[in-house]
Amino acid sequence: MIGKLIYGLFFQLGQWVLWMNHAFSRPEKLKVYWRETVRQMNDLGVGSLPVVIIISVFFGAVTTVQFYYQISGTFVPNYYIGYIVRDMTIIELAPTFTCMLLAGKVGSNIATEIGGMRQKEIIDAMEVMGVNTAAFLVLPRLVAAVFMIPLLVILAAAISILGGYFASVWGHLFTSSEFLQGLHSFFIPYNVYIMLVKAVTFAFLLTTISAYQGYFVKSGSIELGRASTNAVVLSDVAILVADYIIAILMT
Amino acid sequence: MIRAVDIKKSFGDKEVLRGISSEFYKGKTNLIIGRSGAGKTVLLKILVGLFRPDEGAVWYENQCFFDLSKKETQQLRMKIGMLFQGGALFDSWNVEENIRFPLDMYTNLTLGEKKKRVAEVLEKVELSGVEPKYPSELSGGMQKRVGIARAIVLNPQYLFCDEPNSGLDPKTAIVIDKLIQDITRHYNITTVINTHDMNSVMEIGDNILLLKDGLVAWQGNKEQIITSNDDTILEFIFASPFLKRLRKKALGL
Ligand SMILES: Nc1ncnc2c1ncn2[C@@H]1O[C@H](COP(=O)(O)OP(=O)(O)OP(=O)(O)O)[C@@H](O)[C@H]1O
Ligand SMILES: [Mg+2]
């Protein structure tokens, strides 16, 4: 049972690598690819904006309130909260959490869309026309994601911190100047760099894994649902594993 | 002309095609018939290179499909148009973008020229003016006609149709049959059609291939099929009251 699972995982991994290799080839016609990329950027960026904003506000607020609860009554000065919230957001919460959220939204979307194309023979139709379908379906989505997701992550980080600020000030936990002082303390620009590396890596993983799940879907709506679920679960696992590796390599 | 030589294909331990050899002629509508599950779609997908057969070869004129370089395959593909069972249109693109796609991909025409070409093929399938509509706004028959328009937009030399008139009303089915036949004759292309439809068989069956148990059970034209005494064909004919009547008439009974 476990052996079979591991075998399956490695088989999938191998197929994924081969498929990616096939997808990374020169586009037949840049203009058509570019048009598709712009469309994907729009779908991904604008489409994900509301959910990223809402989740980030609350994330920042909750983190701040929790830390206040843990720190109050100790000798740790209040302004430390601003500092901790900032760094946690930048290094971990904004990139990892946003991307896991996007794996659920964008990843399942990609898997279902491409899976639907497979089932409705749209991919076959393009193959007959001589299109490299792996490239045509992956590259525009990948470029869009690698460009838009870091922007979303930056936005998420900013809004999270803002959420923390409002929670502390409106909740009268401590003064805004304390929070701001925290935000200004011990700032390390390198952390922002880590955040961006994470965002790009996770964007790559979630798009290619989800597209792969959709591309090789079998017939039937049950299979389509399974592909969508697999896309989300595997993307999340890959993101966490990559998160761990990046943490080891970069800190 | 397309030639299939001893094509074999299995999925797992299920032998779907067990050695198909046949020729598909230029300027003719070549029909593949057979019961559901006989392997018609699999054969068609092998002919266009979507499936690789376990054994056998497919020849386009004097080129063997599987010996071609990547570049040559690409060039051959540009000469192939295919209509899929459900139309296979992009949901998120409108009709114009769908039909324009092969032009965008493989020609250097200006946008104006492309639009003109799209209008031309749409007129041919009697759908002038639907350019801005999305596939979801069209009926099944209209989607199929848009599929045909896309299949012929690059002036293919080979046209493949997987059940062009399944799920259509008899009148639209005849329109589509006629359309495919006209295109085939007019441009002298090699057309291969999968069908269940006995009407089509009798209307446009220039060259008919009957698949059974993974083999070609019978081959001939529509005049021959109706008077044939082959067991498999008789089984096929007696399953349809319409063909039974035609047979009686043809034999003067
Ligand atoms: N990708 C595939 N994987 C496994 N088996 C397949 C695949 N494609 C087709 N088959 C099997 O091959 C057989 C022939 O299928 P095919 O679709 O060619 O039939 P058909 O003659 O086109 O039938 P219909 O008239 O219903 O469309 C079926 O038994 C089908 O289960
Ligand atoms: Mg079929």
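Predicted model: local features only at pLDDT ≥ 70, side-chain atom pairs only at ≥ 80, totals over all residues.
Student: How far does the backbone oxygen of Ala231(A) lie from a polar atom of the side chain of Ser235(A), and what makes that a polar contact?

Tutor: The gap is 2.6 Å. A polar contact is a pair of N or O atoms within 3.5 Å; within protein, one atom must be able to donate a hydrogen and the other to accept it, and residues adjacent in sequence count only if both atoms are side-chain atoms. As for labels, residues are numbered from 1 along each chain as its sequence is written, chains are lettered from A and ligands numbered from 1 in the order written, and side-chain values use heavy atoms, leaving out hydrogens and water.

Student: Is Ser235(A) buried or exposed, and how do you know?

Tutor: Buried means under 20% relative accessible area, exposed over 50%, and partly exposed in between, with a 1.4 Å probe and protein chains only. Ser235(A) has 0%, so it is buried. It sits in helix H8 (residues 221-250) of chain A.

Student: What kinds of elements does chain A have?

Tutor: Eight helices and zero strands. Helices (H or I, at least four residues) and strands (E, at least two) are DSSP runs, numbered from the N terminus. Along the sequence, the pattern of chain A reads α-α-α-α-α-α-α-α. Its C-alpha trace spans about 70 × 45 × 35 Å along the principal axes, and 49% of the 251 residues of chain A count as buried.

Student: Over in chain B, why do strands S2 and S5 stand at the edges?

Tutor: The open sheet has four strands in the order S2-S1-S4-S5 (chain B), with antiparallel pairing. S2 (14-24) and S5 (63-64) of chain B each have a single partner strand, so one side of each is left without a neighbour in the sheet.

Student: How do you know that S4(B) and S5(B) are paired?

Tutor: Two strands pair if DSSP finds at least two bridges between them. In S5(B), Gln63(B) is the bridge partner of Tyr60(B).

Student: Why is the pair of Phe136(A) and Trp93(B) called edge-to-face?

Tutor: Rings of Phe, Tyr and Trp (its six-membered ring) pair if their centres lie within 6.5 Å; planes under 30 degrees apart count as stacked, over 60 as edge-to-face and the rest as tilted. By this rule there are 18 aromatic pairs over all chains. Phe136(A) and Trp93(B) sit 6.4 Å centre to centre with 85° between the planes, which is edge-to-face. Phe136(A) lies in helix H5 (residues 133-170) of chain A and Trp93(B) in the loop between S6 (80-83) and H3 (95-106) of chain B, so this pair joins two chains.

Student: And what makes the rings of Phe90(B) and Trp93(B) stacked?

Tutor: Their centres are 3.9 Å apart and their planes are at 15°, so the pair is stacked. At 5%, Trp93(B) counts as buried, as does Phe90(B) at 2%.

Student: What makes the phi of Asp213(B) worth a look?

Tutor: Most residues other than glycine have a negative phi. Asp213(B) has a positive one of about 50° although it is not a glycine. Asp213(B) lies in the loop between S9 (207-212) and S10 (215-220) of chain B, and its relative accessible area of 57% makes it exposed.
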